[in-house]
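Hi,

Here is the structure I promised to pass on to you. Please have a look at it first, and then read my notes below.

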Amino acid sequence: MDALKAIRHRRSVRSYTDRPVPDDDLDQILRLALLAPTGSNAQAWSLIVVRDADKRRQLADLIVRGAGKYFAIMRPPADGATPDEHAAWAADYAEQVLGTYRQVPVWVVGLIVPRHLFPDGHEDDERLSDVQSLGFAMENLFVAARAKGLGTVPTVFHWFERDAFRQLFDLPADVDSPVLTPVGYPTEFPKGLPPRLADIRRPWRTLVHDESWGNPRQEA
Ligand SMILES: Cc1cc2nc3c(=O)[nH]c(=O)nc-3n(C[C@H](O)[C@H](O)[C@H](O)COP(=O)(O)O)c2cc1C
């Protein structure tokens, strides 16, 4: 599959089979990820590949737990539900939608590894550069994976289980993980967005401005 097609057909995949991912394919998508542009040529990133079964189980457990916390925050409670009932609903929902994460054969954890290249007072600028660079690398990975028939999804649910996550990978204090992803063969590739999400997508021309702010992109 060529790059244009892979970009067009990449979708967030949340339902996986346990089919193994060949090491060669994995190495190829990891190397393509790290060909992304990197601010100041700093390569202030690392990727952790998680293949070990016990570690994958622990990671999937904490991701599903984190997702439960995310849904409890982001979704409105049912009428009359107590906070405990809402939290129980959210945990159950996370289990329903992400249950196959427990059989994903590989996870890739994206890391920011600060190189401290910017002068004092510019730490926020450096952080922004590093986070963007990792984002570009992860997008390369998502697209390369799609070209090989592999599913991925940018995932931040570990933010809600931060301590357990940091412990699992023994992360140094200044190393952080803004995003990670499962890598595996989907039960099937989503053809498009679910209607609930497709309905709220903005037409692309309204997101592109000709020459200055407020002029939606005109047809040629
Ligand atoms: C910064 C960022 C964080 C995201 N975090 C999550 C996440 O934690 N879990 C998840 O299932 N999807 C996550 N997504 C995926 C989005 O929900 C998804 O990209 C969006 O709904 C559009 O769907 P698509 O990726 O299939 O085009 C994230 C996407 C981005 C860019």
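R202 counts as exposed because it has 7 C-beta neighbours inside 10 Å. For that label, C-beta atoms are placed from the backbone, and a residue is buried with 20 or more other C-beta atoms within 10 Å of its own, exposed with 12 or fewer, and partly exposed in between. From R202 to W107 there are 95 residues in sequence and 31 Å in space, C-alpha to C-alpha.

Before going on, please keep in mind that this is a predicted model, in which local features need pLDDT of at least 70 and side-chain atom pairs count only at pLDDT 80 or more, while totals for chains, interfaces and linings use all residues. Residues are numbered from 1 along each chain as its sequence is written.

W107 brings us to the core. Together with I63 and L141, W107 touches the most other members of the largest nonpolar core, which has 42 residues. Such a core is a set of buried Ala, Val, Leu, Ile, Met, Phe, Trp, Tyr and Cys residues joined through C-beta atoms within 7 Å. Two or more residues come from each of α2, β1 (45-50), α3 (53-74), α4 (83-98), β2 (106-112), α5 and β3 (176-183), and α5 gives the most, with 9 residues. Apart from neighbours within four places in sequence, I63 is in contact (C-beta atoms, placed from the backbone, within 7 Å) with L98, Y101, T155, F157 and H158.

T155 and F157 turn up again around the ligand, whose surroundings are R11, S12, R14, V153, P154, T155, V156, F157, L193 and L197; a residue is near the ligand if its C-beta atom, placed from the backbone, lies within 6 Å of it. This shell has 6 nonpolar, 2 polar and 2 charged residues, where Ala, Val, Leu, Ile, Met, Phe, Trp, Tyr, Cys and Pro count as nonpolar, Asp, Glu, Lys and Arg as charged, and the others, Gly among them, as polar.

Next, the helix pair. The axes of α2 (residues 23-33) and α5 (residues 123-147) come within 7 Å and cross at roughly 145°; axes are lines fitted to C-alpha atoms over the stretch in contact, with angles from 0 to 180 degrees between N-to-C directions. On the α2 side the contact is made by Q28, I29, L32 and A33, and on the α5 side by A137, M138, N140, L141, A144 and A145. By class, this contact has 8 nonpolar, 2 polar and no charged residues.

F136, found in α5, is 100 residues from A36 in sequence but 5.8 Å away in space, C-alpha to C-alpha. A36 is partly exposed because it has 18 C-beta neighbours inside 10 Å.

Finally, which residue of this loop has a positive phi although it is not a glycine? That is N41, with a phi of about 55°, and N41 counts as exposed, with 10 C-beta neighbours inside 10 Å. D170, in the loop between α6 (162-169) and β3, has a positive phi near 55° and is exposed, with 7 other C-beta atoms within 10 Å.

Best wishes

Notes: Helix = DSSP H or I, 4+ residues; strand = E, 2+ residues; numbered from the N terminus. Contact = placed C-beta atoms within 7 Å.
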